[in-house]
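Work through the exercises below with the model open. Try each task before reading its solution.

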Amino acid sequence: MFRGNHPTRVDEKGRLKLPAEFKRRVDELYGPQFYITSMDGKRAQVYPLKEWEQIEASLSKMSPMDPVRKKFQDVTNFYGQMAEMDAQGRVLIPQKLRELAKVTGEVNVLGSQTLLEVVNAEMFDAEMKKASGAVELTDVDLMAFAEKTKVVA
């Protein structure tokens, strides 16, 4: 599992250096190939290829005529590209995604279980603080989480 927030940078050539903790996990479990995409153009989602292939296997069970499948593929292909980690632990974020999600310079790399999400550090910080001036989960959020996961908070 990938977890936590690791601030880092995307260099002027568009390369993200994987934070050491995440790189160690990638080296242990996945290897150097990734599929990098987005569902909304606001975050770059860095999938180890093995994890992305599981999503593709699920898609293959759907009818090719299914509009949900088609939209999912259109969006993830629009933003997506294959990438290979270089010897320094860097992966190239697709240019279209770098521009739209503004993932250049200072970024946060968020562990999201089986994938990494890359967000513009300044925008993410502002988004997290927007609601109440502090980053927090409300009682309503926690109750919804408990309901969906059957976890007693």
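**Exercise 1. A loop methionine**

Leaving aside neighbours within four places in sequence, which residues is Met 85 in contact with? Then decide whether Met 85 is buried or exposed.

Solution. Bear in mind that this is a predicted model.
- Step 1: locate the residue. Met 85 sits in the loop that links strand E5 (81–84) to strand E6 (90–92).
- Step 2: list the contacts, skipping neighbours within four places in sequence. They are Leu 18, Lys 23, Val 26, Asp 27, Pro 32, Phe 34, Arg 90 and Val 91.
- Step 3: check the accessibility. Met 85 has a relative accessibility of 10%, so this residue counts as buried. The cut-off for buried is under 20%.
- Step 4: take one distance. From Met 85 to Ala 20 the C-alpha separation is 13 Å, across 65 residues of sequence.

**Exercise 2. The start of a helix**

Find which residues Ala 121 is in contact with, beyond its neighbours within four places in sequence. Classify its burial.

Solution. 
- Step 1: Ala 121 belongs to helix H5, which covers residues 121–130.
- Step 2: read off the contacts. Beyond four places in sequence, Ala 121 touches Glu 106, Val 107 and Asn 108.
- Step 3: compare sequence and space for one partner. Asn 108 is 13 residues away along the chain, and its C-alpha atom is 5.3 Å from that of Ala 121.
- Step 4: classify. The relative accessibility of Ala 121 is 18%, so the residue counts as buried.

**Exercise 3. Positive phi values**

What are the phi values of Lys 102 and Gln 113?

Solution. 
- Step 1: take Lys 102. Its phi is near 55°, positive in a residue other than glycine.
- Step 2: take Gln 113. Here phi is near 65°, again a positive value in a residue other than glycine.
- Step 3: With a relative accessible area of 51%, Gln 113 is exposed. The cut-off for exposed is over 50%.

**Exercise 4. A helix residue and a distance**

Solution. 
- Step 1: Ser 58 is part of helix H2, residues 49–60.
- Step 2: its relative accessibility is 45%, so Ser 58 counts as partly exposed.

**Exercise 5. The whole chain**

In what order do the elements run, and how does the radius of gyration compare with that of a compact globule?

Solution. 
- Step 1: count the elements. There are 6 helices and 8 strands.
- Step 2: write the order from the N terminus: β-β-α-β-β-α-α-β-β-α-β-β-α-α.
- Step 3: test the size. A compact globule of 153 residues would have a radius of gyration near 15 Å; the chain has 17 Å, which agrees.
- Step 4: look at the contacts. Of those between residues at least 6 apart in sequence, 59% join residues at least 24 apart.
- Step 5: consult the record. An unreviewed UniProt entry lists "domain: SpoVT-AbrB" at residues 5–51. That span is 28% helix and 40% strand, with its end C-alpha atoms 20 Å apart.

Technical notes
Residues numbered from 1 in each chain as written. Predicted model: local features only at pLDDT ≥ 70, side-chain atom pairs only at ≥ 80, totals over all residues. Heavy atoms only, no water. UniProt positions renumbered as here; feature names shortened; annotations may be inferred. Helix = DSSP H or I, 4+ residues; strand = E, 2+ residues; numbered from the N terminus. Rg over C-alpha atoms; globule rule 2.2 N^0.38 Å. Contact = heavy atoms within 4.5 Å. Buried < 20%, exposed > 50% of the residue type's maximum accessible area, 1.4 Å probe, protein only.
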